[in-house]
Amino acid sequence: MELNEIIRPENRIYAKPALLNEAHMHYCPGCSHGVVHKLVAEVIEEMGAAEYSIGISPVGCAVFAYNYIDIDWLEAAHGRATAMATAVKRLMPDKLVFTYQGDGDFAAIGTCESIHACNRGENIAIIFINNAIYGMTGGQMAPTTLLGQPTATCPYGRRADLNGYPLSITPLLSQLDGTCYVTRQSVHTPGAVRKTRAALKRAFENSIACRGTSVVEVVSTCNSGWKMAPERANEWMVEHMFEKYPLGDLKVNDK
């Protein structure tokens, strides 16, 4: 087959999502954020939901999410994304409303807003990126940092007696009556990417159908903050993070 036959539109089996803007991403090479952004754009495009989707990204590595995905976005103060999403969805119940938050934002400064939005059963989807570190601000310890894991603020590793234990917030949220779908996924392999894509679509459909709160945790890497090459960061995540944050559905009650 000639090359011009291979690249004809009718022969194309994969293309960049139309909603993904032509912007150079600021994420580090190997960062999980770029993969999740692509999945969000793909799912919204597949659902035909671009015109009624509203994303909320607060402070952190994803603060510039509006540069990459061509939908309506709002910026929230640090930790307040779920509070803002609550207001948006209640004022415009026909919209797909979702937040995109890191572990420090969602499970540290925003713990109060996160838990109570889930407990109320707000009809929003929450995308929670757990890379066990404050990536944007210098690699400090996060609530999800593992015991023994070194960071800029615990260079000899996290200690339970000094720093407390890692916060596994997603299982806590699965126990709340207001959550309808809670899952923990990753994007380190093609199979994992497909599962995360399906989880995002399910969470978005729940928001549109007003079934309650959906939480999609994505266990991720921060190879620059962890000071590892991207391939080694993926290996370290599998070796260490999956034991504390095992993948899979924690709650499915969205029928």
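This is a predicted model: local features need pLDDT of at least 70, side-chain atom pairs count only at pLDDT 80 or more; totals for chains, interfaces and linings use all residues.

1. Seven strands form an open sheet with mixed pairing, in the order 2-1-3-4-6-5-7. Its edges are strand 2 (72-75) and strand 7 (248-252), each of which pairs on one side only. From one strand to the next, the twist averages 15°. As background, strands of a sheet pair through backbone hydrogen bonds, either parallel or antiparallel.

2. How do strand 1 and strand 2 run, and how many bridges join them? Strand 1 (residues 53-57) and strand 2 run parallel, and four bridges join them. If you want a spot to look at, find serine 57, which stands opposite glutamate 75 in strand 2.

3. Two helices deserve a look against the sheet. Helix 2 (residues 32-47) lies across strand 1, strand 3, strand 4 (125-130) and strand 6 (213-219), and runs at about 175° to strand 3. Helix 8 (residues 190-209) also packs on the sheet, where it touches strand 3, strand 4, strand 5 (179-186), strand 6 and strand 7. The direction of helix 8 makes about 160° with that of strand 5.

4. Next comes a helix pair. Helix 3 (residues 81-91) packs with helix 5 (residues 111-120) at an angle of about 35°, and their axes are 8 Å apart. On the helix 3 side, the contact is made by Thr82, Ala83, Thr86 and Arg90; on the helix 5 side, by Glu113, Ser114, Ala117 and Arg120. By class, the contact has two nonpolar, three polar and three charged residues.

5. Counting rings whose centres lie within 6.5 Å, the model has six aromatic pairs. One to inspect is tryptophan 73 with phenylalanine 98: the ring centres are 5.5 Å apart and the planes are at 80°, so the pair is edge-to-face. Because tryptophan 73 lies in strand 2 and phenylalanine 98 in strand 3, the pair ties together parts that are 25 residues apart in sequence.

6. Which residues lie nearest the centre of the largest pocket? They are Val59, Gly60, Cys61, Gly102 and Gly135, out of 21 lining residues. The elements giving two or more residues to this lining are strand 3 (96-102) and helix 4 (103-109). The pocket holds about 250 Å³ of space, and its lining has ten nonpolar, nine polar and two charged residues.

How values were computed
Residues are numbered from 1 along each chain as its sequence is written. Side-chain values use heavy atoms; hydrogens and water are left out. On a 1 Å grid over the protein atoms alone, a cavity is a set of points where a 1.4 Å probe fits but cannot get out, and a pocket is an open set with protein on both sides within 12 Å along at least five of seven lines; lining residues have an atom within 4 Å of a point. Grid points are joined across faces, edges and corners, and a volume is the space filled by probe spheres set on the points. Ala, Val, Leu, Ile, Met, Phe, Trp, Tyr, Cys and Pro count as nonpolar, Asp, Glu, Lys and Arg as charged, and the others, Gly among them, as polar. Two strands pair if DSSP finds at least two bridges between them. Axes are lines fitted to C-alpha atoms, for helices over the stretch in contact, and angles run from 0 to 180 degrees between N-to-C directions. Contact means heavy atoms within 4.5 Å. Rings of Phe, Tyr and Trp (its six-membered ring) pair if their centres lie within 6.5 Å; planes under 30 degrees apart count as stacked, over 60 as edge-to-face and the rest as tilted.
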